[in-house]
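User: I would like to go through the labels on this model one by one. For each, give me the value, the cut-off and the conclusion.

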Amino acid sequence: MTNPIPGLPLVESPLFSSLKAEQGFTPEEERIASELHEKGFAVLDFPDVDINARIDRIKAALGPKYGIHFADPESDKTTGERRIQDAWKFDADVQAIAANETILDLLSKLWGRRAFPFQTLNFPVGTQQDAHSDSVHFSSLPERFMCGVWLAMEDVGPDAGPLFYYPGSHRWPIMTNGLIGRRGYGKHLGSAQDPYASAWNAMIEAHGAHANTFQARKGQALIWCANLLHGGSRQNDSRLTRWSQVTHYYFEDCIYYTPAFSDESIGRLQLRNLVSVEDGVLRANSYLGEPVQDPKSKLQFPSSLLRRLVRHLR
């Protein structure tokens, strides 16, 4: 069966059950694909025989940068920096995890377009972040061609602020400024996700949804879909660490933009100019193979492309 809806990721397609048999999935790949389709996330052991050594080197290299007294078991680990963004630019192990070939091949197969990593975040403790969807931070046209992979760099217990998520919430409407009744293009926000919190909370209440926590083992990874609601649980014991790495991925031949600062309905998008963590090479915005130019964030499309975008957004 030829996929008649290539503008949706395979794992999020309503035709998934019909299409999956033709993908040549291994049993493990089919399990991961089916869980992503049904629940919006899937857990696997990170496919790197050197992962423990990489984790040890990352902790040693990044530890001094957080301003936390890791050597003192009684010290408060939550008082320093909570994350380092894009450490892949100077740390080869962070880059190797983000650009793991097996993960890239798997994501490409599951989403139906070639994946590339564009951002890394390294954490020594949990974020304690409220429930949110990455779709307001990172989105694409066509929609949903973004995902995240969270790697546990140590065992995570209930008091260390484990990751939490709402299974099945990836199927809920993607929150846009048009949906919640605000304009975003050219605006400034202290937190890009704050304007959407009441809408997400209303969806949780309406669905009677309950959060699950991921008390991970060291070396386990969680893949999640772009619109899955997730966050960081409250850290009950400030002496604990929760080392982890998040890598965000986009997929080729898409437009990449930030919805919190965009107004899609009138074609005003805050485009992202991205390089791949794999090779540091620019991954240009494109739509159906046609490049999209964004001079100084003033969106200018070829007229033929603009007409197609307007039709897509209706």
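Analyst: Tyr249 is found in strand E10. Strands (E, at least two residues) and helices (H or I, at least four) are DSSP runs, numbered from the N terminus. This is a predicted model, where local features need pLDDT of at least 70, side-chain atom pairs count only at pLDDT 80 or more, and totals for chains, interfaces and linings use all residues. Residues are numbered from 1 along each chain as its sequence is written, and side-chain values use heavy atoms, with hydrogens and water left out.

User: Which label does Met203 get, buried or exposed?

Analyst: Met203 lies in helix H7 (residues 197-207). At 18% relative accessibility, Met203 counts as buried.

User: What makes strand E5 largely enclosed?

Analyst: In E5 (residues 146-152), 7 of the 7 residues are buried, so the rest of the structure largely encloses this strand. Met146, Gly148, Trp150 and Ala152 point one way, while Cys147, Val149 and Leu151 point the other way. In a regular strand the side chains alternate between the two faces of the sheet.

User: How do you know that E5 pairs with E10?

Analyst: Two strands pair if DSSP finds at least two bridges between them. E5 and E10 (residues 244-251) are joined by 7 bridges and run antiparallel.

User: How many bridges link E5 to E8?

Analyst: There are 5, in the antiparallel sense, with E8 covering residues 220-225. Leu151 stands opposite Ala221 in E8.

User: What is the strand order of the open sheet?

Analyst: The 6 strands run E1-E8-E5-E10-E3-E2, with antiparallel pairing. E1 (41-45) and E2 (84-85) are the edges: each has a single partner strand, so one side of each lacks a neighbour in the sheet. E1 pairs with E8 over 5 bridges. Asp45 has Gln220 as its bridge partner in E8.

User: What makes the patch at Val275, Val281 and Leu282 a nonpolar surface patch?

Analyst: Patch residues have over 30% relative accessible area and no salt bridge; nonpolar side chains (Val, Leu, Ile, Met, Phe, Trp, Tyr) are joined within 5 Å, like charges within 9 Å. A salt bridge is a side-chain nitrogen of Lys or Arg within 4 Å of a carboxyl oxygen of Asp or Glu. Val281 has 43%, so it is partly exposed. The patch of Val275, Val281 and Leu282 is about 230 Å². Areas come from the Shrake-Rupley method with a 1.4 Å probe, and for residues only the protein chains shown count as cover.

Notes: Buried means under 20% relative accessible area, exposed over 50%, partly exposed in between (1.4 Å probe, protein chains only).
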